[in-house]
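Welcome, and thanks for joining this tour. Keep your viewer open and your selection tool at hand, and we will go from stop to stop.

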Amino acid sequence: MKRPLKLSLMAAVLAAGGCATLSPEAERQLEEARATYRFASDDPHVQRYAAAELASASTALREAERLAAEGGSPELVEHNAYLAERRSRTALGSAQIRQAEADIAVTREERRRTQLEAREREAAAARAQLLARERVEKEKVSVAATDLAAEVKRLETELADVRAKQTDRGWILTLKNELLFDSGGATLKPGAQRALDNLAQFLRKHPERDIAIEGFTDSIGSPDSNQRLSERRAQAVKDALTGRGIESRRINARGFGPSFPVASNATETGRQLNRRVEIVINPS
Amino acid sequence: MKRLALFFLPLAACATTEPPVSEMAAARQMVAQARAIAAQDAAQDLATAQSKLAHAEAAMQREQYEHARLLAQQAEADAKLAWTNAEKLQAQRALREERSGR
């Protein structure tokens, strides 16, 4: 039998100590406490989350070791070893609680983020849909603008000696006076009728657009008479259009005489360009 | 059985004579706290703690104060372990529920 030998050995070793010798049960308990404590203290989670419990386990274990080394009572060795073992297990459990709680928080955060992402995706889809609708609307508008440009161009080709250009004020059609009037007069020539028909047709087709009719002359002659002539000519064009059923309030007729020349009045070619009626098609 | 070993301890040779008032209070408090949640999840440790506390109370009655002190300390350690393990199991259940999406 080994046991009596071991016991007697221990008794010999501990004889100098105190009240009692270390019993096999105390030794077994101490060994279990050491192992459990080592297992717990090696766990970084325990070190981090259950430091206080681990420290109290350590205190009990040190006390058990001290008593064992000094030959303290086996009951007290056993008692402290038992406390060390229980507290080590409690420290392990505390760390596992914290771990589970941390995992719960992570899981919730992940779900929250997933839901947020889903909401953001929905919002992005809604925005994209809105943008697509806006784009369609813009295209419609731009198609309308293209339509207008095409019509103006058609007007330009249909009316001889008419030039059209797009400006900040809208489209401007320039009609040479030679096309519309005899020199010095404000009576429309028969040849002007087709141009006026086309213009009236255009205005009927675009009831949302108002126009301005602006008369200009060259600088030959007195400024006053030129001013009056340009006014009468603009008014004559307006009358011709209202005579074709266009509402008067849509047409603003004005004369500017020799002001705002578009070319030099020093040459006949330049003066011819300056004698003109401009039809300004306002932007809608 | 090892957990009950101390019940049969003789009075320790170097016993103190002061009643272990704070140890008893701590043990009672911890056992009560564990009883509230550990009845199902840590039944065995809770039962051990309750039994040791009862023996500690009895030892107090007999004025075996050192014996009572040791039993009270063990009862507290057992109850704390029971409480911790019950909490741990509940937290782990909550985690499983959370992960399964509820």
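Start by selecting Arg163(A): opposite this residue, in β2(A), stands Thr174(A). Before you go further, keep in mind that this is a predicted model.

**The sheet of chain A**

Now widen the selection to the two strands. β1(A) and β2(A), the latter covering residues 170–176, are antiparallel partners joined by six bridges. Show the rest of the sheet and you will find five strands in an open arrangement, ordered β1-β2-β5-β3-β4 in chain A, with mixed pairing. Which strands stand at the edges? They are β1 (162–167) and β4 (251–255) of chain A; each has a single partner strand, so one side of each has no neighbour in the sheet. From one strand to the next, the twist averages 20 degrees.

**Over to chain B: α1**

Select residues 21–41 of chain B to bring up α1(B). Where is the kink in this helix? Centre on Arg35(B), where α1(B) bends by about 55 degrees. The end C-alpha atoms of α1(B) are 30 Å apart, which agrees with the 30 Å that its 21 residues should span at 1.5 Å a residue. Colour the buried residues of α1(B), among them Met24(B), Met30(B), Val31(B) and Ala34(B). Their cover includes α2 and α3 of chain B.

**On to α2**

Move to residues 43–61 of chain B, the 19 residues of α2. From first C-alpha to last, α2(B) reaches 27 Å, close to the expected 27 Å at 1.5 Å a residue. Its buried residues include Asp45(B), Leu46(B), Lys52(B), Leu53(B) and His55(B). Among the elements covering the buried residues of α2(B) are α1 and α3 (65–99) of chain B. Just past the end of α2(B), click on Glu63(B), which has a positive phi of about 60 degrees.

**Last stop: α3**

Finish with α3(B), whose 35 residues reach 50 Å between the first and last C-alpha, close to the 51 Å expected at 1.5 Å a residue. Is α3(B) mostly covered or mostly uncovered? Mostly covered: 25 of the 35 residues of α3(B) are buried. After the helix comes Gly101(B), with a positive phi near 100 degrees.

How values were computed. Residues are numbered from 1 along each chain as its sequence is written. Chains are lettered from A and ligands numbered from 1 in the order in which they are written. This is a predicted model: local features need pLDDT of at least 70, side-chain atom pairs count only at pLDDT 80 or more; totals for chains, interfaces and linings use all residues. Helices (H or I, at least four residues) and strands (E, at least two) are DSSP runs, numbered from the N terminus. The expected span of a helix is 1.5 Å times one less than its number of residues. A residue is buried if 20 or more other C-beta atoms lie within 10 Å of its own, exposed if 12 or fewer, and partly exposed in between; C-beta atoms are placed from the backbone. Two residues are in contact if their C-beta atoms, placed from the backbone, lie within 7 Å. The bend at a residue is the angle between axes fitted to the seven residues ending there and the seven starting there. Two strands pair if DSSP finds at least two bridges between them. Axes are lines fitted to C-alpha atoms, for helices over the stretch in contact, and angles run from 0 to 180 degrees between N-to-C directions.
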